[in-house]
Amino acid sequence: MRKKIIIGNWKMNGSVSSLKDFMNEVLPNLSENVEAGIAVPYPILGLLKDLSKGRNFKVSAQNMHFEKSGAFTGEVSSDMLIDLGVDTVIIGHSERRQYYNESDETVNLKLLKALEKNLLAIVCVGENLDERNNSKEKKVCERQILKAFEGVKLEDVHKVVVAYEPIWAIGTGKTASKEDAEEIASHIRNVLAGKYGKEAEKVRIQYGGSVKPSNVKELMEMPNIDGALVGGASLKAEDYIALINFDK
Ligand code: PGA
């Protein structure tokens, strides 16, 4: 049984005070059935670690560099994240791919580094609108998955979470239908099974793209969807609490 994992992605939002208020409301409302956490900007990651101390709450970064250290102005390494107590990292979010030249190759290097350092990695894949309109969504996701997992060992596969996030659904209010989301999630699992056999059954596949309290339940009920990566709706404690308690 794959435990559902719902992670909020705050992107470039939040502050010391908003995070404190958010955690005050959220911590008493965690659910045993769902692994929950948020990915916040670097300056408030340490605070998130402190606020969630002793609780089962994923402390996630939104990105990291694949090199250990060096002359990479503005970047953050895996060791720095671990030093802060971070346990999870988002890799290859479409906004990183779109605005910061993240490629399938850098996603692969980052995933290998995250696994080496025992960080839980959330690898994002997904097609853009043009690709969807030309029925290339499966091909695109397959290419992204195969490159991301290059060199990933069989025994590490279960440690990776994949987030299927169609770009046209991110921040647009347009969610993929549960059937469309399930179709791609199941395709992703098949691609992984082609490479790793039965281990693919252990990989959790999230859906992301305009997930909100009103649509989370139907998405989570699909057989190959094991969680959600949530942007906008994860910023409000009330909505976030509803998301992580979708089954009640
Ligand atoms: P959204 O963002 O929920 O605001 O669409 C999802 C994401 O980018 O992870």
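**The ligand site and the packing**

Modeller: A polar side-chain atom of His93 lies 2.7 Å from an oxygen atom of the ligand. The model is predicted, and the distances here are computed from it. Glu165 also has a side-chain N or O atom 2.7 Å from a ligand oxygen. With Gly171 the backbone takes part: one of its polar backbone atoms is 2.6 Å from an oxygen atom of the ligand. The ligand on its own has 280 Å² of accessible area, and the protein covers 95% of that. There are 13 residues around the ligand, and those that come nearest are Lys11, His93, Glu165, Gly171 and Ser210.

As for the packing, the largest nonpolar core has 70 residues. Helix H8 (residues 178-196) gives the largest share of this core, seven residues. Among the residues with the most contacts inside the core are Phe149, Val162, Ile188 and Leu192. Leaving aside neighbours within four places in sequence, Val162 is in contact with residues including Val123, Val125, Ile145, Phe149, Ile188, Leu192 and Val203. A second, separate core has ten residues, including Ala39, Ile90, Ile122 and Ala163.

Helix H10 (residues 237-244) has Ala237, Tyr240, Ile241, Leu243 and Ile244 buried. Seen down the axis of H10, these buried residues fall within an arc of 160°, so they line one face of the helix. Their cover includes strands E1 (4-9), E2 (34-39) and E8 (227-230), as well as helices H1 (16-26) and H9 (216-220).

Notes. Residues numbered from 1 in each chain as written. Predicted model: local features only at pLDDT ≥ 70, side-chain atom pairs only at ≥ 80, totals over all residues. Heavy atoms only, no water. Buried < 20%, exposed > 50% of the residue type's maximum accessible area, 1.4 Å probe, protein only. Helix = DSSP H or I, 4+ residues; strand = E, 2+ residues; numbered from the N terminus. Arc of directions from axis to C-beta. Contact = heavy atoms within 4.5 Å. Core = buried A, V, L, I, M, F, W, Y, C linked by side-chain atoms within 4.5 Å. Near = heavy atom within 4 Å. Polar contact = N/O pair within 3.5 Å; in protein donor to acceptor, adjacent residues only side chain to side chain. Areas by Shrake-Rupley, 256 points an atom, 1.4 Å probe, with all protein chains shown as cover.
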